[in-house]
Amino acid sequence: MGGPDDVRRPVMRPRLPRLPRIPRFPGLLRVPVGSPLQLLLLACSFALTAYAGVRLLADDWFGVALWFVGAALLHDLVLLPLYTVADRAVVRGLGAVRRREWVPYVRVPAALSGLLLLVWFPLISGRVEQRYRIGTGLSTDVFLARWLLITAVLFGGAALLLALRLLRLRRAAA
C-alpha cells in the first residue's frame, strides 16, 4: 500500500506562451491611425455623409427623423425576433439530425434573400406600380419573379457548395 510505485505525481499542464507586454507610457495616449490614404478616404466619407445629411434634412427633417426611429423600432421589435426565431429553428432542426455544420449553407442565402426582399419590397409587392410606371415607364411585374429567381440561385449555389464540401470530405476520409 505504501510502496514506491504508489507515489502520486502532479499532473503536468502545458504552459501557454506569454503574450508580449505592451509598453505603457503614462500620460501619453497612443491613437492608432491608418495610412494617409485611409485617412483621406475616411475624411471624404465623412464629408459625403455630412453633405447627404444636410440635403436630406433640409426639406423635411421631422419626417426623416420619424422614419429613422420607426425603422429602428420596426427592426428591433418585429424583424429581429422573427429572424432570430427562424435561425434558431434552423439550428435546432439541423442539430437534431446532427448536421449543425450545415447551418451557414442555409443562413447566408436566407439572409441575402431577406435583405433583397427588404430593400426591394415596394417593387416586389407591386405597391408602387403607379409611381414606378410614371417615373420610369416600366412595369413592376418582373420584380417578384426576379427576386424568386435570385433566391433560388442563392440557395442552389449554397447547396452546390455544400455538396462539393461533402464530396471533398468523403474523398479525404477514403
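Start by selecting E101, which sits in the loop between α1 and α2; helices here are DSSP runs of H or I with at least four residues, strands are runs of E with at least two, and both are numbered from the N terminus. E101 is partly exposed, with a relative accessible area of 38%. On this scale, buried means under 20% relative accessible area, exposed means over 50%, and partly exposed lies in between, using a 1.4 Å probe and protein chains only.

A word on the model before moving on. It is predicted, so local features need pLDDT of at least 70 and side-chain atom pairs count only at pLDDT 80 or more, while totals for chains, interfaces and linings use all residues. Residues are numbered from 1 along each chain as its sequence is written, and side-chain values use heavy atoms, with hydrogens and water left out.

Zoom out to the whole chain and colour by secondary structure. Of the 174 residues, 9% count as buried. Among contacts (heavy atoms within 4.5 Å) with a separation of 6 or more, 38% join residues 24 or more positions apart.

Next, select residues 141–173, helix α4. Its 33 residues reach 49 Å from first C-alpha to last, close to the 48 Å expected at 1.5 Å a residue; the expected span is 1.5 Å times one less than the number of residues. Show the side chains of F143, W147, T151, A158 and L162, which are buried. Which helices do the buried residues of α4 pack against? Display α2 (103–125) and α3 (129–136) to see these partners.

Now for the salt bridges, each a side-chain nitrogen of Lys or Arg within 4 Å of a carboxyl oxygen of Asp or Glu. The whole structure has 2 of them. Pick R107 and D87 to see one, at 2.8 Å from N to O. This pair links distant parts of the chain, with R107 in helix α2 and D87 in helix α1 (residues 36–96), 20 residues apart. R107 is partly exposed at 41% relative accessibility, and D87 is also partly exposed, at 26%.

Then go to R133 and E129, whose side chains meet in a salt bridge at 2.6 Å, N to O. Both lie in helix α3, 4 residues apart, about one turn of the helix. An α-helix has 3.6 residues a turn, so residues three or four places apart point the same way. R133 is partly exposed, with a relative accessible area of 42%.

For the last stop, select L79, Y83, G114, L115 and L118, the closest to the centre of the largest pocket among its 22 lining residues. The space in this pocket is about 860 Å³. α1 and α2 each supply at least two lining residues. By class, the lining has 17 nonpolar, 3 polar and 2 charged residues.

Methods
On a 1 Å grid over the protein atoms alone, a cavity is a set of points where a 1.4 Å probe fits but cannot get out, and a pocket is an open set with protein on both sides within 12 Å along at least five of seven lines; lining residues have an atom within 4 Å of a point. Grid points are joined across faces, edges and corners, and a volume is the space filled by probe spheres set on the points. Ala, Val, Leu, Ile, Met, Phe, Trp, Tyr, Cys and Pro count as nonpolar, Asp, Glu, Lys and Arg as charged, and the others, Gly among them, as polar.
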